[in-house]
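Below are some numbered comments on the model, meant to be read with the coordinates open.

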Amino acid sequence: MTGDIALLGPGECHVWSAEARWKPELLDLLDDVERDRCAQFRVEGARALYLTAHVLARQVVGAQLSIDPGDVVVVPVCEYCTESGDRPPHGKPTLPGTSLELSLSHSGQQVMVALTAVGQVGVDVEEIVEGRTLPLDVLTAREQAELEPLAPEDRVAGFIRYWARKEAVLKATGHGLMVEPSALTVSAPGVPARLLEWRERPEPHLPVRLEDLDAGPGYRAAVAVVGDGDRVEVVHHPLVRVE
C-alpha cells in the first residue's frame, strides 16, 4: 500500500480513510508504547481501530519521508501535563524533527489520518448512532436553535455534524476537551463548515480552515487546519487498504 500513497504538495492537507482491520502481523510496525496501548483494548473491534489508525499514520508519514513505516517516530504531547506525571504518553501526536503535522481519528469501523506541513491539523470522524441521547449542552444556544427544527430522523446526524467540526478544531489546536465544546460556534449542518466564534479563545487568533469530509453513509467527519488555513487545499483519499 505504501507505494500508492500520494505525496503532499505545497499548501496541501491530505486525509486518508480506511476500514478497520485486525492483522496481528501489523503490530510489528508499532513502537513499544503503541503495542502496549493496543494490547489494553479487550474488544477486538477496538484493537482493530487503534491498530489500523496507527499503522496507516506510519505508512503515510513514512511515504512522505521515504523511510520504513516502522522507523517513523511519533511522540504524543499533552500541553496540560508535566513531564514528571505518572500517566503513560498521551496527547496530540507529533513528528519531531519534521515539519509535518499529524492527526488521527476513528469511530465505528472507520479510521481517518490527516497530514500537512501547512500548520496544526485535526481530523475527526464520528459514527451516527440512532437512538442515542444527545448531550445538547455541548452546543451553543444558536446551534441548538438550528438543530431544533430538523426532522427527528435528521437530528442525530445534524448533532454529529456539529460535534465532528468542533472536535476537529479542538484537536488541531491541541486543546481537546480541555476546552468546553460549547465555547465554539460552528456553522449549521446544512451549510459549508466554518468556525464562526470561539468565546475567550486563547491568543494568537490564527485563521482556521474547517472542511467537512465525505465519510460515507452512517458517518460524519471534518478536518481543521490552523495557521495558513484559509489557503490550504484539502485532498481526501477515501477507503485506502492498510496492508
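What percentage of the 243 residues in the protein chain do buried residues make up?

1. Buried residues account for 47% of the 243 residues in the protein chain, and it should be kept in mind throughout that this is a predicted model. The secondary structure of the chain consists of four helices and eleven strands.

2. On overall dimensions, the radius of gyration of the protein chain is 18 Å, which agrees with the value near 18 Å that a compact globule of 243 residues would have. Taken along the principal axes, the box filled by the C-alpha atoms is roughly 50 × 40 × 40 Å. Of the contacts between residues at least 6 apart in sequence, 60% join residues that are at least 24 apart.

3. The accessible surface of the protein chain is about 12,100 Å², and carbon and sulfur atoms contribute 51% of that surface. As for charge, the chain has 23 positive and 38 negative charges, whose mean positions are 2 Å apart.

4. Side chains of opposite charge can pair when their charged atoms come close. In this model the count comes to nine salt bridges, and among them is the one between R35 and D32, with an N to O distance of 2.6 Å. Because R35 and D32 are three residues apart in helix α1, which covers residues 32-39, about one helical turn separates them. R35 is partly exposed, since its relative accessible area is 28%, whereas D32, at 52%, is exposed.

5. A salt bridge also joins the side chains of E34 and R58, at 2.9 Å from N to O. This pair links distant parts of the chain, for E34 belongs to helix α1 and R58 to helix α2 (residues 44-65), 24 residues apart. Both E34 and R58 are buried, and together with D31 they are linked in a network of salt bridges.

6. The side chains of K166 and E143 form a salt bridge as well, with 2.8 Å between N and O. Here too distant parts of the chain are linked: K166 lies in helix α4 (residues 152-173) and E143 in helix α3 (residues 141-147), 23 residues apart. K166 and E143 are both buried.

7. Which residues is W198 in contact with, once its neighbours within four places in sequence are left aside? They are V169, L170, T173, H175, V179, A183 and L184. W198 itself lies in strand β8, residues 195-198, and it counts as buried because its relative accessible area is 10%, where the limit is under 20%. The C-alpha atoms of W198 and T185 are 6.4 Å apart in space, although the two residues are 13 apart in sequence.

8. Two backbone angles deserve a look. Most residues other than glycine have a negative phi. S66, which is not a glycine, has a positive phi near 60°; S66 is placed in the loop between α2 and β2 (75-77) and is exposed, with a relative accessible area of 68%. E200, likewise not a glycine, has a positive phi of about 55°. The position of E200 is in the loop between β8 and β9 (208-213), and at 80% relative accessibility E200 is counted as exposed.

Technical notes: Residues are numbered from 1 along each chain as its sequence is written. This is a predicted model: local features need pLDDT of at least 70, side-chain atom pairs count only at pLDDT 80 or more; totals for chains, interfaces and linings use all residues. Side-chain values use heavy atoms; hydrogens and water are left out. Helices (H or I, at least four residues) and strands (E, at least two) are DSSP runs, numbered from the N terminus. The radius of gyration is taken over C-alpha atoms; the globule rule is 2.2 Å times the number of residues to the power 0.38. Buried means under 20% relative accessible area, exposed over 50%, partly exposed in between (1.4 Å probe, protein chains only). Contact means heavy atoms within 4.5 Å. Accessible areas come from the Shrake-Rupley method with a 1.4 Å probe; for residues, only the protein chains shown count as cover. Lys and Arg count as positive and Asp and Glu as negative; His and the chain ends are not counted. The place of a charge is taken as NZ of Lys, CZ of Arg, CG of Asp or CD of Glu. A salt bridge is a side-chain nitrogen of Lys or Arg within 4 Å of a carboxyl oxygen of Asp or Glu.
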